[in-house]
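Here is a short briefing on surface features and charge pairs. Look over the sequence and the fold before reading on.

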Amino acid sequence: ADHNSKKLKTMIVLDLVGLDCLKKLGEGVELVFPVDLPFGQKANLEIGSGGKIQNPWIRIEIPRLRLFFQTVTKKLYVVF
C-alpha cells in the first residue's frame, strides 16, 4: 500500500435523531448554571435535590443533534 495515498480522518461526525435522555441525580446533587437576565442582571439556575424535592432527574429531548469531534484538536462541537 502506498502510504502517501492514505488520508487521515481529522473529523468524526455523528447525527442523532430523536434524542430522549433521562438522567437521575443523586441525593444532595445540584447542577448550577450561570444565566444572564434582562437589564444586565446575572443569576444562577440551580437544578437538583433540596427542600421538598425527592429523587431529582433531568430529561433532555432534542429532535436533531449533530456532534463534531476534531481528532487533531480533541475538541467536541455540539449543534442542535
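Which residues form a nonpolar patch on the surface? They are Val29, Leu31, Phe33 and Leu45. Keep in mind that this is a predicted model.

**Nonpolar patch**
- Together, the four patch residues Val29, Leu31, Phe33 and Leu45 have about 310 Å² of accessible area.
- Leu31 belongs to strand S2, residues 30-36.
- Leu31 counts as partly exposed because its relative accessibility is 31%.

**Salt bridge Asp15 to Arg66**
- Asp15 and Arg66 pair through their side chains at 2.5 Å, N to O.
- Asp15 sits in strand S1 (residues 11-24) and Arg66 in strand S4 (residues 57-70), so this bridge ties together parts 51 residues apart in sequence.
- Asp15 is partly exposed, at 43% relative accessible area.
- Arg66 is also partly exposed, at 35%.

**Salt bridge Asp20 to Arg59**
- The side chains of Asp20 and Arg59 form a salt bridge at 2.6 Å, N to O.
- Asp20 is in strand S1 and Arg59 in strand S4, so the pair links parts 39 residues apart in sequence.
- Asp20 is partly exposed at 42% relative accessibility.
- Arg59 is partly exposed too, with a relative accessible area of 47%.

- Lys42 meets Asp36 in a side-chain salt bridge of 2.9 Å, N to O.
- Lys42 counts as exposed because its relative accessibility, 66%, is over the 50% cut-off.
- Asp36 is exposed as well, at 63%.
- Elsewhere, salt bridges with shared partners join Asp20, Arg59 and Glu61 into one network.

Technical notes
Residues are numbered from 1 along each chain as its sequence is written. This is a predicted model: local features need pLDDT of at least 70, side-chain atom pairs count only at pLDDT 80 or more; totals for chains, interfaces and linings use all residues. Side-chain values use heavy atoms; hydrogens and water are left out. Patches are made of residues with over 30% relative accessible area and no salt bridge: like charges are joined within 9 Å, nonpolar side chains (Val, Leu, Ile, Met, Phe, Trp, Tyr) within 5 Å. Accessible areas come from the Shrake-Rupley method with a 1.4 Å probe; for residues, only the protein chains shown count as cover. Helices (H or I, at least four residues) and strands (E, at least two) are DSSP runs, numbered from the N terminus. Buried means under 20% relative accessible area, exposed over 50%, partly exposed in between (1.4 Å probe, protein chains only).
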